[in-house]
Amino acid sequence: MATSTSAPQPQQTPSLTGTPVVPGVGYGPVVVARGEVSSTAVAAFGTGGFADPDAALAAYDDAAAAVAAGYAAKAERATGHVAEVMTASAGLASDRGLRGAVRKNLRDGDDLLASVHGAVEQFVAVFTQLGGLMAERVTDLLDIERRLVARLVGEPEPGLPTLPAPSILVAEDLAPADTAGLDPALVLALVTERGGPTSHTAIIARQLAIPCVVGVEDVLEIAPGTVVLVDGARGSVQVEPDPGWARQQVTAAARDRAAHDAWTGPGRTADGLAVKILANVADAPSAALAAQGPVEGVGLFRTELCFLNQTAEPSVEEQAGIYERVLGAFGAGQHVVVRTLDAGSDKPVAFATLPGEENPALGVRGLRLSFGNPGLMDRQLDAVAMAATATGTETWVMAPMVATVAEAADFGAKVRARGMKAGVMVEVPSAALLAHRMLEEVDFLSIGTNDLTQYTMAADRMASQLAHLTDAWQPAVLQLIAITAEAGRRAGKPVGVCGEAAADPLLACVLVGMGITSLSMAAAAAPPVGARLAAVTSEQCEDAAEAALAATDPASGRAAVLELLG
């Protein structure tokens, strides 16, 4: 790849480093996204001149309704992770608890803007204390506050700056509403000061195939208009590089991109080892889009994303209709892996999740919802089976957040009784350590690297100072993946990866070298991953796996594999 074989710069220039997220090269002027409301407008608004707290609260209600409607409109135009986050943000903007905190502050004598700020800060403190996936919602809350304030003071809601020409977009972090509006034709690369490799910004950048580096300290110190070169594979930002050298990098990256775009599948290494390249989907539109690409099916159908707006559980027949539209997009020789409801934590589903948990990331989520409500799982499995029968699509079903062999056995029996292949997700470290016993009870395993990394390293995804810990290249995480893959090899059963790690072309080679049999990712990531695997042999992948496992940290692991694979 061009990013690993390029010549050094003729002269050294300042360089910043962060966590690489999406490979590729971007070269152009910096545009900084700050997204704050005009201080002049805030000062002019003052206290708002409301006669009493009820009048101020009414103004807040109007602003909150408008902000929520804006998020909902974006959700309707989006699919996949973007739609999920927009829907969740719409719910937060109209949250009764947030409104109650604003009302209390108003009655305590605070003015409207101070009341809104105090309420948001209260929720930020709670979400931060909860940690895990809930801590990711802090960015959403702060974005909601900015939009509420803008509505109240009579300004347009903040957002991405208008890009006059193709540019490098730099930000502290991007709110989901902003990432939903990114235009890959104008955003040559994306660099953030905060966030980790599994943050909302990173996930959406992968969906859009925009080169991206996160967790870059001091990147906001770069003056707007400064020309930089961003290398999304190495995680580097070169400030004012030699123009001739930079253009060489862009040309080499364009050749790589052309090779990626020309890849049509199926997934296999240069010496013919088959590796299924699959898509992650959330609904019928994303399934239809994925089916047009060079994937061999679906490795992760996130069923909970179909129900974020549902207040009551749909009937078995209604659910079956939803699942049919996803399964029906795929035909002979392809299969779809359906994940049962992964509701809870930052993905609340009104008819399933429990309110008021102290630590929802470690609480009753995923499979654990069925412990107190077994009918919820039974009805979903009945609906999936109906959809599989109606479409004739080969359907595998897996459960999230499985922690014990007994849980795997119980779930496997239920799925097999309905005539489908059963599997479990490996997200909890205990599942990886007991993978050999899990495979005695189910037909396949699928590794969710986002949660497995978070739980293994005990690090919040949104803590930018811990981005190096939330990196799937961490040797401890790779060791758990290797244990799981080896269990699959010994049992003669497939083990896939469906987390964000599968979308990293370099890491994909490492995973295949460990024995992973399928990789599932955002559809846009399939060509780069498939093309990268096609350029290496299975023996090279095994060597890459050994190098990554022997590394002491993610950066040295990447460097060692880059040097090996060239």
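Visitor: Strand E7, residues 227-231: is it enclosed or open, and why?
Guide: Four of the five residues of strand E7 are buried, so E7 is largely enclosed by the rest of the structure. Buried means under 20% relative accessible area, exposed means over 50%, and partly exposed lies in between (1.4 Å probe, protein chains only). Strands (E, at least two residues) and helices (H or I, at least four) are DSSP runs, numbered from the N terminus.

Visitor: What kind of model is this, and how are residues numbered?
Guide: This is a predicted model, in which local features need pLDDT of at least 70, side-chain atom pairs count only at pLDDT 80 or more, and totals for chains, interfaces and linings use all residues. Residues are numbered from 1 along each chain as its sequence is written, and side-chain values use heavy atoms, with hydrogens and water left out.

Visitor: Back to E7. Which strands does E7 pair with?
Guide: E7 pairs with E3 in the antiparallel sense over five bridges, and four bridges join E7 to strand E8 (residues 236-239), also antiparallel. Two strands pair if DSSP finds at least two bridges between them.

Visitor: Which residues are the bridge partners of Leu229?
Guide: Leu229 of E7 is the partner of Tyr27, and in E8 the partner of Leu229 is Gln238.

Visitor: What lies between E7 and E8?
Guide: The two strands form a hairpin with four residues between them. Gly235, in the turn, has a positive phi of about 75 degrees.

Visitor: And E3, which way does it run relative to E4: parallel or antiparallel?
Guide: E3 (residues 25-33) and E4 run parallel, joined by four bridges. Val30 has Ile168 as its bridge partner in E4. E4 is also joined to strand E5 (residues 187-192) by five bridges, again parallel, with Leu169 paired to Leu190 in E5.

Visitor: How many residues of E4 are buried?
Guide: Five of the five residues of E4 (167-171) are buried. In a regular strand the side chains alternate between the two faces of the sheet. In E4, Ser167, Leu169 and Ala171 are on one side, Ile168 and Val170 are on the other, and both faces are covered.

Visitor: New topic: where is Val250, and what does it touch?
Guide: Val250 is in helix H11 (residues 243-262). Not counting residues up to four places away in sequence, Val250 touches Val25 and Tyr27, where contact means heavy atoms within 4.5 Å. Its relative accessibility is 33%, so Val250 counts as partly exposed. Val250 and Gly24 are 226 residues apart in sequence, yet 8.7 Å apart in space, C-alpha to C-alpha.

Visitor: What about Trp473: buried or exposed?
Guide: Trp473 counts as buried, at 2% relative accessibility. This residue lies in the loop between helix H19 (449-457) and helix H20 (475-491). Leaving aside neighbours within four places in sequence, its contacts include Leu478, Asp504, Pro554 and Val561.

Visitor: Finally, the whole chain. How many helices and strands are there?
Guide: The protein chain has 24 helices and 16 strands. Its radius of gyration is 24 Å, close to the 24 Å that the globule rule gives for 566 residues, so the chain is as compact as a globular protein of that length. The radius is taken over C-alpha atoms, and the rule is 2.2 Å times the number of residues to the power 0.38.

Visitor: What share of the residues is buried?
Guide: Of the 566 residues, 57% count as buried.
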